[in-house]
Each structure stands twice: as structure tokens, then as C-alpha cells.
Amino acid sequence: MFEKFQDHLAHTFPFLKDKKLLLAVSGGIDSMVMVHLFQKSQSKIAIAHCNFQLRGIESFDDENYVVTYADSNKISIHTTKFDTQTFADDYQLSIQVAARELRYHWFYELLETEKYDYILTAHHADDNLETFLINLSRGTGLDGLTGIPSQNDQVIRPLLIFNRTEIEQYAISNKITWREDSSNASDKYLRNKIRHDLVPLFKALNPNFLSSFQKTQSYLHESKVMADDAAIMVYQQVASEHENEIHFDIKKLKQLPNYTSYLYQWLKEFGFSAWDDIYELTNSQSGKQVFSSQFRLLKDRDFLIVVPINIENETQEFTIDKSQKEVNFPIKLSFCKVADTTHVSNSVIFVDEEKLQFPLTLRKWKTGDVFQPFGMQGQLKKLSKFFKDEKLSLIAKENTWLLCSENQIVWIVGYRQDERFKTEHTTKKILKIAVTP
């Protein structure tokens, strides 16, 4: 097994050589074998051990065992304790999910503070099979069927090519001791039920089942890579990116065979889960939306638009004093006095400063807002009508700022100046206001 391990590192993870490696060690057989293999490889390693305080004295005995092993082998060690049950209760998580959240958050903290290069965990081929069956039982796509990745960012899993039997044989032949986790014998958790009841049935039907499964999963991974590549190529034809928005052309989208699969591939990274609602958006009326925790998907005329959820207080107003020369938030504006005017544009206006009442305010538009468009004499126009005439999307309207003097709109910033504040031949003080990059 050691020779196979060495070859695996050389071909799959050559970048680990001479790096500072942090090994996640529970004290169980898998992680203790991993430590032994890296020790024998003379790698630069340290150990990280989490005490989840879920098994009473057993948890503390595991911690003492790992600390003693590290000390006797002169390996640097980091330990921590978690109140896992309370964390799970507070955030309404399963114990397994809570433990995973806690340990990986701590691992990444250690990477940052202690300057390690990679985290290594002892997941093996049987773990991969169990994960596959768990995902299959719950319903999943290709992502869930391709199993545990050998590398995910700075997390490396170097034992995935080995099965449980190989690991046990290596431990016995090298006189490696380990701690038994009593919870592994319980069928309280789905993974244990699959491990104890389902996997043995498959192996009884086919003694080479695990090897066959690894080949099948390899084919699934290749299919996933092909699907990912296809999704990228089609994305370039259907989608366009605009600052913090992504626009999907619905007409082009519907020309694709099985376009819902592409939508899933593109949108899953944004945390969406209401897939039936998302697929119905293509035929919904404009303005319909679906939300994830941080993003929303909006149907706007001929497009589906992904945009971050605006957590800003929409009712907030920002004041601008007469002495200010620039504003940097929520948008960037500059103010300067000039001797004469040049051409008014969407990004630059000239106003009669004496017509202004300071402090000016910046705010979002509200229902009922009206202004007098530049060039129109004595006629007020509703902003809602102006936005409709300009064919502004819902998102564009939400992102529009109004520069106001008391209760009157001076400028729909970036779109149109108000006629009432324009300069005239009698104007003595000309103020230039511009949107700055």
C-alpha cells in the first residue's frame, strides 16, 4: 500500500512535495493510517484534532490518544473543542452537518493563521461509495453521483483510491493502533445503515463491486466534465453579463433542447432550489421573481436576470452639504462651480445653484414621484411613466438614484435633468454635477 500511495502522490498530487500539510486526525483507523503514510514519506505534517463532545468521556479519550501520539512522534498538533449539539440546535442543522461546518471553518482558520498549505482528510473508497448511495437515495444530479472530490480548493483526500480492507490490512501489518468510534456501530445515522446493511448486499452479489463502482463513477465524472464544458459553450451564446447582473435571453434559451438542464447547471451555484418555479419563469409575466438566500432570478420582458439581493435600506436618504465637492456613496458624484455650460448629457448636468435648497438629498424613487423633464415647459411627468417610456427593467429602476432639492427632483441620475433647475442667461452661479467613474 505504501508504494501505491507514493505513486498516487507523485502522479496526482505532485504539488504537495515540501508543502506544509495539516492532517485532520480523529484517532480512527483511517486517519491514523494516513498519518503513518505521510510520516513514512517524510512529509512536513501537523495534526488537527476536533473534540465534538458528542460521546462523553470517549471524545476526551480520543483527544488524549491523538495528543499523546503527536507528542511521542514529535508532530505539531492543534486541538479544539466544539459544543456541537448546541450549534446544531441553534442553527437547526443535523449533527453531521453541524460537525462538518465547525471543523472546516476551524481548518481554514488554521490554514490562515498557521500558514499551512493544504488540509488533508482520510476519506477512502468505501466512504465515496456510501456518499454516492446517500445522494442517490435522496435524489441528486450528476454532482451528487460523482462522489467525494479528491481535491476541493485546499482540501486534499489522498486515500480515495484505497478501500477499507486495504487500510485495515496496512494498519495491522504496520502495528498501527487506533481508536474505535462507538457511534459507528449505531444505525441511528443513514450512513451507518448503508454501511452495515446495504453495501454488504452489493458486495455479496458481486465481490468486485467496489472496483466496478469506481469505474462507473469515473465514467460519471467524465460525463460531468463533458456536461460542464457544454454548459460553458452554450452559456456564451445565451447569457450576457452586465456589472453585477447576468441576463439570459429567453428566446435563445427556449431554442435549446432540454433547456431546463442548462438553467440548473448555470443557476445552482447561486443557491436556488425552487427549480419548478424557476422553469415556469420562462413563461411567466414580466416582474415575476424567484429567490435564493443571496440572489434573485427575475423575469423581465425577454430576459431572465440574476442579480444579488439588495439588502440596502431602500428608504434611506443621503444628504449632500453645500460645501461638498464630491460624493462617494451610494454613488459617485462630483460638484464644481463653472463659468459657463457645455453640452448636457446623461452623466453631466448644469444647474442654477441659487435655485437649490441645501442640503440636497440622494434617494431611491417612490410611487407618485413626478418631475419636469429637461426641455418640457410646465409639464410634470410621473417617474413610473418615464421609466416605462425609457424601457427600464425592474432592476434598473430599483438601482436608479434621484438627486433632490427639498421635495423636488433635480436629476434622475444618469437619465434626465429636471427643467426647473436648468441654467438661464440670468444665472449667476452655475453648478456642474457629474457622475464620476
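This is a predicted model: local features need pLDDT of at least 70, side-chain atom pairs count only at pLDDT 80 or more; totals for chains, interfaces and linings use all residues.
1. Start with helix 2 (residues 29-40) and helix 8 (residues 164-173). Their axes come within 10 Å and cross at roughly 65°. The crossing of helix 2 past helix 8 is left-handed.

2. Which residues make this contact? From helix 2 come I29, D30, V33, H36, L37 and K40, while helix 8 brings I167, E168, Y170 and A171. Sorted by class, the contact between the two helices has 6 nonpolar, 1 polar and 3 charged residues.

3. Next, look at helix 12, which covers residues 259-267. Its buried residues are Y259, L263, Q265, W266 and L267. Here, buried means under 20% relative accessible area.

4. What do the buried residues of helix 12 pack against? Their partners include three helices: helix 10 (209-238), helix 11 (250-254) and helix 13 (275-281). They also pack against strand 8 (245-249), strand 10 (295-300) and strand 11 (303-308).

5. How many cavities of 30 Å³ or more does the structure hold? There is 1, and the largest cavity has about 30 Å³ of space in it.

6. To find the largest cavity, highlight its lining: I320, D321, K322, Q324, F335, F358 and L431. By class, that lining has 4 nonpolar, 1 polar and 2 charged residues.

Key: Residues are numbered from 1 along each chain as its sequence is written. Side-chain values use heavy atoms; hydrogens and water are left out. Axes are lines fitted to C-alpha atoms, for helices over the stretch in contact, and angles run from 0 to 180 degrees between N-to-C directions. Helices (H or I, at least four residues) and strands (E, at least two) are DSSP runs, numbered from the N terminus. A crossing is left-handed if the near helix is turned anticlockwise from the far one by less than a right angle, and right-handed if clockwise. Contact means heavy atoms within 4.5 Å. Ala, Val, Leu, Ile, Met, Phe, Trp, Tyr, Cys and Pro count as nonpolar, Asp, Glu, Lys and Arg as charged, and the others, Gly among them, as polar. On a 1 Å grid over the protein atoms alone, a cavity is a set of points where a 1.4 Å probe fits but cannot get out, and a pocket is an open set with protein on both sides within 12 Å along at least five of seven lines; lining residues have an atom within 4 Å of a point. Grid points are joined across faces, edges and corners, and a volume is the space filled by probe spheres set on the points. Buried means under 20% relative accessible area, exposed over 50%, partly exposed in between (1.4 Å probe, protein chains only).
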